[in-house]
Each structure stands twice: as C-alpha cells, then as structure tokens.
Amino acid sequence: MITNNSSLHIPLTYVSQLTPDVSTRLAACFILIIIFGIIFNIILILVILSEKKLRSITNAYIINIAIVDLLIATTVVPFDIDFMLRGNYPYGTILCGFKEVLFLFTLPSSVLNLLLLTIERFASVFFPFKRTKYFSKRIVLISILCSWMYTINVGLYPIYINGLSAITVIQKTCALKFSIEFGIYFVSVNFLLPVLIMTGLYFSLFLMAFKYIKKSKKSKQSNCFQRNLKVAKTSFLLFINFLICWGSFIVLALSNTLCNGCHSREITWIGNVINYCHIVFNPLIYGLLNESLRKAIFKKIYKPLC
C-alpha cells in the first residue's frame with residue numbers, strides 16, 4: 001500500500017528483495033502459518049457447529065473471527081509468499097487489486113469482530129439476566145452482517161475514490177494508492193479507537209470482578225458471574241493477541257513510512273510474520289482455554305481412536 005498526495009511512502013523495491021536464504025526461511029514461516037491456521041480454524045468451526053450446546057451467541061462471533069482468519073490464510077498470505085520468493089509481482093492489476101483490497105479488509109474485520117465479542121462479554125458480565133435482550137439471535141446476525149458490509153467497503157474505498165487507477169504495479173510491485181487522510185482514518189478508526197474502547201471495557205470488567213469476588217457469596221448469581229467472567233478472560237487474551245500481532249505490524253509500518261523506508265527488508269517481512277501469527281493463535285487460545293470447547297475438541301479427536 002502507498003499513499004498519494006504526499007512525500008511519505010515506502011520505497012517499493014526496498015521491501016521486495018531478500019536474499020534467497022532469508023526469503024526461504026520466512027516463506028517457511030508463512031507456510032506453517034497457513035497450514036496451522038487453516039487446520040485450527042476449521043476444527044474450531046466444525047466443533048462448534050457439531051455440538052448443539054456450543055452454538056451460543058459468544059461462539060457465533062468466534063466463528064466469524066475464524067472465518068476471517070481462514071480468508072486471510074487462504075487468500076492474503078499466499079500472495080506474500082509468492083512475492084517474497086520471486087522478488088516481484090507478475091500477475092497484473094486485477095489480482096493486484098484483489099490482493100490489496102483483501103489486505104485492507106483484514107484489519108477492520110479482525111478488530112470489529114473482536115470489538116463485538118468484547119461488548120457481548122461485557123454485557124454478559126454486567127447484565128447477565130438481560131443479555132438475551134441486548135444480544136438476541138437477530139441482533140447478533142445483523143451486527144455480523146453490518147461488520148462485513150463496513151469492512152468490505154473500507155477495503156474498496158480507495159477504488160471508489162480513484163477508480164482502477166488506485167491499483168498500481170510499479171517496478172513489478174503491487175500497491176494500492178490512497179490519500180494520507182484515508183490512511184489516518186484507517187488507522188485511527190479501525191485500530192486506535194476500537195483498542196481504546198476495548199481497553200476501557202476490559203478495565204471496567206475486571207475492576208468490577210475484583211470488587212465482586214471480594215464480597216461474593218455462593219449463590220446462583222455468583223456462579224453465573226464467575227462463568228461469564230471466565231469466558232471474558234479468554235476473550236481478553238484474544239484481544240491481547242490481536243494487540244501484539246497487529247500493533248507491532250502497524251507501529252513498524254508507520255515508523256518505516258515516516259523514516260522513508262529506513263528499516264531493513266528482513267524486519268519489514270518479520271513484521272508481516274508477527275501480524276499473521278494471530279491466525280494461528282486465535283483458535284488455539286479460544287479452543288484450549290474454553291473448557292466446554294476444549295472437551296468437545298478432545299472428544300472429537302479421541303473418539304475415532306477408541
């Protein structure tokens with residue numbers, strides 16, 4: 001991606017060429033991310049769908065996150081592997097636009113789904129007996145559809161504004177041109193703002209939990225609270241995973257842009273590896289730390305062996 005109407009850009013040839021040894025090692029990392037990302041996310045989706053008791057409101061958002069991760073693993077990462085190994089982009093403007101739009105789509109889609117999950121967990125802990133009112137099946141379906149509509153339009157926005165001329169293949173490198181204003185909007189609204197909101201929600205949630213646990217009694221309400229809190233802790237780890245993977249990538253990309261491509265090519269690509277790791281860690285975190293889901297996964301794995 002590059003910006004127009006500005007002198008701030010990353011020299012494209014600077015990030016495209018790597019030594020054969022480095023590119024092979026990084027490509028191996030990408031391939032492992034694709035393999036494990038596809039396997040873990042498919043297992044997560046199939047287990048949730050196959051067990052009636054797991055078809056909850058929370059897990060509807062988890063499935064949506066897993067679908068987005070699968071989309072990234074199957075359509076975005078392979079382009080990066082090909083480009084890294086070749087050192088150039090040979091496929092023309094149509095596939096270039098497809099690749100770049102998908103990449104723009106991934107950040108807002110990931111963060112918006114995680115924000116919806118966080119809000120649902122917040123409501124479950126603070127208003128456990130009113131959750132179905134705020135998060136009915138209809139509301140959840142509408143929220144998921146709206147998230148897809150928004151994120152697809154964000155990815156297509158540079159093409160809406162500049163037409164197909166926004167897609168450029170310069171020096172055998174694929175890029176999507178957009179203004180600095182859109183870049184600021186993209187990072188602010190699709191990363192900084194949701195992160196601040198989620199940080200505030202989790203701070204309030206765990207502050208309440210700390211106060212509640214100190215004076216809690218063994219009651220039905222206490223058990224419900226603790227059960228919802230346990231799931232909220234798992235969603236918090238998903239948030240931390242997102243923050244580390246996407247945050248490191250965004251900080252690196254912004255600093256590289258501001259210093260006009262001063263980072264080494266290896267660091268630039270390592271930033272991509274760290275970013276894509278969330279594809280693998282998301283299903284692992286939720287699948288292993290959610291007790292009901294973990295039992296269902298082990299049951300599916302060990303049942304054929306018995």
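These notebook entries record what I looked up in this structure, which is a predicted model.

**Entry 1. Overall make-up**

I began with the secondary structure of the protein, which comes to 11 helices and three strands. I then followed the elements from the N terminus on and noted the order β-α-α-α-α-α-α-β-β-α-α-α-α-α. I looked up burial next: of the 306 residues of the protein, 47% count as buried. I also checked the contacts with a separation of 6 or more, and residues 24 or more positions apart account for 80% of them.

**Entry 2. Helices H2 and H3**

I turned to helix packing. Two packed helices are described by the angle between their axes and the distance between the axes. I looked up helix H2, residues 20–50, against H3 and found an angle of about 160°, with the axes 9 Å apart. Angles over 145 degrees count as roughly antiparallel, and H2 is therefore roughly antiparallel to H3. I recorded the crossing of H2 past H3 as left-handed. I sorted the residues of this contact by class and noted 22 nonpolar, six polar and one charged.

**Entry 3. Helices H3 and H10**

I next took helix H3, residues 57–86, with helix H10, residues 278–289. At what angle do H3 and H10 pack? I noted an angle of about 155°, and the axes of H3 and H10 lie 9 Å apart. This angle makes H3 roughly antiparallel to H10. I recorded that H3 passes H10 in a left-handed crossing. I then listed the contact: H3 contributes Thr58, Asn59, Ile62, Ile65, Asp69, Ile72, Ala73 and Val77, while H10 contributes His278, Ile279, Asn282 and Tyr286. Sorted by class, the contact of H3 with H10 holds seven nonpolar, four polar and one charged residues.

**Entry 4. Phenylalanine 281 in H10**

I stayed with helix H10 and looked up phenylalanine 281, which is found there. Phenylalanine 281 has a relative accessibility of 39% and so counts as partly exposed. I also looked up a pair of C-alpha atoms, those of phenylalanine 281 and isoleucine 33. These two residues are 248 residues apart along the chain, and their C-alpha atoms are separated by 9.7 Å.

**Entry 5. Threonine 234 in H8**

I moved to helix H8, residues 220–258, where threonine 234 has its place. Is threonine 234 buried or exposed? I noted a relative accessibility of 5%, so threonine 234 counts as buried. Which residues does threonine 234 touch, not counting residues up to four places away in sequence? I found Ile285, Tyr286 and Leu289. Tyr286 was already in my notes as one of the H10 residues in the contact with H3.

**Entry 6. Helix H9**

I checked the span of helix H9, residues 265–276. Helix H9 has 12 residues and reaches 17 Å from its first C-alpha to its last, which is close to the 16 Å expected at 1.5 Å a residue. I then looked up which residues of H9 are buried, and noted Thr268, Trp269, Gly271, Asn272, Val273, Asn275 and Tyr276.

I finally looked up alanine 175 together with glycine 97, which are 78 residues apart along the chain. Their C-alpha atoms are separated by 8.0 Å.

Definitions and conventions. Residues numbered from 1 in each chain as written. Predicted model: local features only at pLDDT ≥ 70, side-chain atom pairs only at ≥ 80, totals over all residues. Heavy atoms only, no water. Axes fitted to C-alpha atoms, helices over the stretch in contact; angles between N-to-C directions. Helix = DSSP H or I, 4+ residues; strand = E, 2+ residues; numbered from the N terminus. Parallel < 35°, antiparallel > 145°, perpendicular 65-115°, else oblique. Left-handed = near helix turned anticlockwise from the far one by under 90°. Contact = heavy atoms within 4.5 Å. Nonpolar A, V, L, I, M, F, W, Y, C, P; charged D, E, K, R; others polar. Expected span 1.5 Å × (residues − 1). Buried < 20%, exposed > 50% of the residue type's maximum accessible area, 1.4 Å probe, protein only.
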